[in-house]
Amino acid sequence: MKLKRPYRKIVNRKKVIVLLVEIINRNLGDEVIADNAAYLAQRAFPLLAGRHYVLQRYSIQSEDFEMVKAADMVIFDGGGLIKYKQESFHTYVPDLLDCAQENGIPVYFHCVGVEGYDAGDTRCQRLAQTLNYSCVKGVTVRDDLETLRSSYLHSGQAFTAASVDTAIFTPQVYGIAKAPGAQTIGLGIVRSRIFEDYGIAEVTREFQLEMWGGVIKELEARGYQWKLFVNGLRSDYDFAVEILNYIGRAQEEEALVAPRPVESRELVETIASFAGVIACRMHANIIAYALGIPSIGLVWNEKMVFWAERIGYPQRFLRSGQFEPSLIVQRLEESMAQGVKPCSYAWKKSVAKPLKHFVRTYGAAAWKQKKRAYLPKPMDWAGKLVATALGGTRMRYAGMNGPDGLHQAIRNGFCIFEADVRLTLDHKLACVNGWSKASYEKLCVDPQAYDSKGMDLEDFLKCRMYGHFATMDLEQLFSAIQQAGDKWKLILDVGKPNKATMEVMISCLKELCQTVGSQCPAAAGALGKQGGDTGPVPAGEAGNAAKLPVRDGPVLGPLKEHLFIRLQGKQEVEAVKASGLPVQVMYYIPPKLKRDEKKLTLADIGKFCKKQGITWVSMPKEALDEAVMAFVKKEKLKVCLFSYNNYTDVLEALRMGVDWIATSYLSPEGLAAWYERACTVVFR
């Protein structure tokens, strides 16, 4: 008997969207927390339906409420969030909870810290009020659970439990173990004023200099090697260098101070190289513990005491009255002799199990409620978003104009890019945002060694942004950008050059454009033909052009379709137009206050654009208002806006009629995955 073909029904199902809220800064302990939480959240996705879940990492500081509204559940990833005296979490957390409550989005606080309570403090009371919202389904606490239960929570709606810090899963998350045979002691330095800022007035900058000098002397007397390290903050690193100067070893900085880490993996690798650790930052101690490395903590915050009690080593965390070098080193030696007892299964379970329960319970509910979804026409994000300064990375580092950001931007779906270009001393075009003190500090060079005229290109290409990210010149950029496909567009920002500098830049651009537009880029011969995307340039090989990927074949189509140049002055526009450069000019519209100062009207700008045949204008976000948009619409001008990094502002700018929006941290792929690809076709 012939069997009938099974009935197949097409069901459109909305993906379950999980918003992971994290603290974004350059103290990489917070990034280690976020990486651990993301690892556990993804492991919590159902085995069979996990592909229908989307995890979006979200900066708590962004206050991007349109993105929050799109979520099916919100997870605060950990860290000291329930506090009101330091930082601004007493504002960020309640505002996000207001949005979640209004939109019926369940919220879970994962292994967070609780730092004090004050019934008379309005900031504290606002935080307490929102924690009692019905949208808050659970709170696990790494430290002061008693204060949470007795003072903050009174509704009894949320599940609460004690836990430990999420970062105990660090070895599994990064695949890093303690280096066998390690001999060096790591000394984790914190900024000089942190003890005073937290009410420990006696531990001044001078006290710490003397203390660390004594610890180093004591370690050397006992035959130990040592190295200073930090968790990533510049202020911490500067104080580490100051300590080295204080003990008269400034000339040994390269050997005695670990490079300042810019990614969480680098911090973990640094700590893994030590035999023992003495550190002020809490997560230097937690990472060491997770790796099985004995550590001594110097306490400036009660959260460190709670951590010590949780893991059963209260004697390894010393208060200010015990900051005596011989005692610190003695405790370290005792700890190294005893070793580190691994975190118990029960504590690890206290981290992972409640998170898994939350994700599966409310993920299943979201799946059921939003079984059918009828989506609007997808947005062409690749045709709207511009990668500012070739793209930022990790929601921390932007304005670098380098190959690392460019490669990441290409992988994230960008085809429109903006790059800052400046003239070097030897009359070459480098991708850098000026020759200011801030730029030199990013390049990790002494600003005193150079002036506002810059440096030679060869010296520039040897530099690393933040000591890590590669630099590049415009010739390399023209070669590498073709990996974005045939529709790439590049906006060059040349700043505010004087007449002589502008003439040289135009000459260099003209020569380069003739080479690029007429044949395979001249750089291609030097770089070597490499089909396909070879990924980011290794940090140790910047300036090695052979590692940059090159797309075979010439630039397709007239170069003028691909190249734009941002100009702020009439003389620069006239010079570019007279030169015959194959570029489209983007003329600058200043904010209203600047226009008023210069007695410049929108009508004046319109007349100049019409006279010069300009069809594009660029402007900062401060210039965006309804009057400006009415003007550009009337004049039939297209607008490129700089810069927005949250979806809420992007939506508003698009509503107002902006054509391109520059961004450092959003991406076409990210927004498409988050919104337009939220529907999956399932056959039944």
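Trainee: Which residues line the largest cavity?
Mentor: The lining of the largest cavity is Asn285, Tyr289, Ile293, Pro294, Ser295, Trp307, Ile311, Tyr313, Arg316, Phe317 and Val340. A cavity is a set of points on a 1 Å grid over the protein atoms alone where a 1.4 Å probe fits but cannot get out, and lining residues have an atom within 4 Å of a point. This is a predicted model, where local features need pLDDT of at least 70 and side-chain atom pairs 80 or more, while totals for chains, interfaces and linings use all residues. Numbering runs from 1 along each chain as its sequence is written, and side-chain values use heavy atoms, without hydrogens and water.

Trainee: How much space is in there?
Mentor: About 60 Å³ in the largest cavity, counted as the space filled by probe spheres on grid points joined across faces, edges and corners.

Trainee: And which helices supply at least two residues of that lining?
Mentor: Helix 12 (282-290) and helix 13 (302-311) each do; helices are DSSP runs (H or I, at least four residues) numbered from the N terminus.

Trainee: New topic: how do helix 1 and helix 15 cross?
Mentor: The axes of helix 1 (residues 28-44) and helix 15 (residues 345-369) cross at roughly 55 degrees and come within 9 Å. So helix 1 is oblique to helix 15.

Methods
On a 1 Å grid over the protein atoms alone, a cavity is a set of points where a 1.4 Å probe fits but cannot get out, and a pocket is an open set with protein on both sides within 12 Å along at least five of seven lines; lining residues have an atom within 4 Å of a point. Axes are lines fitted to C-alpha atoms, for helices over the stretch in contact, and angles run from 0 to 180 degrees between N-to-C directions. Angles under 35 degrees count as roughly parallel, over 145 as roughly antiparallel, 65 to 115 as roughly perpendicular and the rest as oblique.
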